Amino acid sequence: MDCRRNTPEPTRPDERDIEYFYDENHWAGFRLRETGEVIIEPQYEAAGDFREGLASVKIDGKWGYIDLTGRMTVAPRYDMACPHWHGWPHTLQNDAGVMYIGPRYDAEGPHTPEGVALVMSNEKWGVIDREGREIIPPVYDYADYGEGRILIEKEGKCGFTDREGREIVPMRYDRASVYLGGLAMVRLDGKWGFIDLDGREIIPLRYESVDYFNNQLAPARLNGTWGYIDGNGGTAIPFVYEKALCFIDGTAGVQRNGKWGFIDGNGETVLPFVYESCYGFSNGLAAVKQDGKWGFIDPTGETVIPFVYEDVKSFTAGNVAGVKRDGKWGVVDRSNRTVLPCMYDIIDAPPSLVEITAIREDKPYTFDSKGNLLRHRTK
């Protein structure tokens, strides 16, 4: 008789009964909600809840996934992790985009509200829908998605399909961007222009470089100088600048005679050409460089944060910005109050996030936007 048949299977807790927690050293583990019994020892820099049998965990600054036993199912090599949500699989993000964890794909690429996902298999890209049906098989060198159109690239040529995989634009362009605001940038024989959602070239391919439209204007370079064009391809602001940035909140940074200033949609100078460099406006403030030092100004040109820093990062959604002084990074708020002193080797504070990661002597520390320590590595 096989006695193993009478041996009960070990009982695993329901994932809804499990929560992550942090110990006194700010390491994350997992325990039962009601009893507090630890089922996975604290060993992670950060963690997320279990969803569909997997939980995201952070190790050495990177995210991966573990199962209910604590076994690592996806190695920690991604910059962001998201759980299964509304029918979508678990996702992981790094500099290349988002990875969808599934049985068939290596699967990198952003998911979309319209219900399609980019997937990668054997270093080739394709597209699936929410049910996993292949809209476009993974046979392309690159794919991307925007506004109901799928950008595909193969053997150096680009084209577009709709979300059902039907060809909209033949693969004839050398370079192309995803659609934004109903337009896509395309290049052929070294010249850039714009096409609409039906593939019509509504702005001729005559420019050496272009960027996206914002405030109904797009930067473009013609005969070595930059200006701005309107949606019909007409010159809205003359081509007199050495460099030009996209418009944000009605103003754009432009360079003339080696100095940067800001113009409005009529091409009128609203902030003088006195800056050595600029990052443009982010969350209401622009990072600009003057006399070799960086500071921040408001839309009127008033100095909000003095020019005392060697380098800076744009302001985040948490209203803080990374600043560098004496070779070390710190963080200040909009009133130039020190949130974190300039004592760190690296500051990572993406504009869309409110958490701050600071690294000192190869040890990561995570803070909120007020400078409160959330967790740090101590072993």
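These legends go with a set of close-up views of one predicted model. Residues count from 1 along each chain as its sequence is written, and side-chain values use heavy atoms, with hydrogens and water left out. Because the model is predicted, local features need pLDDT of at least 70 and side-chain atom pairs count only at pLDDT 80 or more, while totals for chains, interfaces and linings use all residues.

Five bridges link strand 1 to strand 2 (residues 28-32) in the antiparallel sense, and Y20 has F30 as its bridge partner in strand 2. For the bookkeeping, strands (E, at least two residues) and helices (H or I, at least four) are DSSP runs numbered from the N terminus, and two strands pair if DSSP finds at least two bridges between them.

The side chains of E19 and R31 meet here in a salt bridge, 2.9 Å from N to O. E19 lies in strand 1 and R31 in strand 2, so the pair ties together parts that are 12 residues apart in sequence. R31 is partly exposed, at 29% relative accessibility (buried means under 20% relative accessible area, exposed over 50%, partly exposed in between, with a 1.4 Å probe and protein chains only). The rule used is a side-chain nitrogen of Lys or Arg within 4 Å of a carboxyl oxygen of Asp or Glu, and by it the count comes to 13 salt bridges.

D67 and R71 meet through their side chains at 3.2 Å, N to O. D67 is buried at 13% relative accessible area, whereas R71 is exposed at 52%. Then there's D174 with K157, whose closest N and O atoms are 2.6 Å apart. D174 lies in the loop between strand 17 (167-173) and strand 18 (175-176) and K157 in strand 16 (residues 157-162), so this pair ties together parts 17 residues apart in sequence. K157 counts as partly exposed, at 29% relative accessibility. Salt bridges that share partners also join E19, R31 and R33 into one network.

Setting aside neighbours within four places in sequence, F194 is in contact with residues including L183, M185, I203, F213 and I229 (contact means heavy atoms within 4.5 Å).

**View E. A hairpin from strands 32 and 33.**
Strand 32 (residues 293-297) and strand 33 (residues 303-309) pair antiparallel over three bridges. W294 has Y309 as its bridge partner in strand 33. Five residues lie between the strands of this hairpin, and G301 takes a positive phi near 95 degrees.
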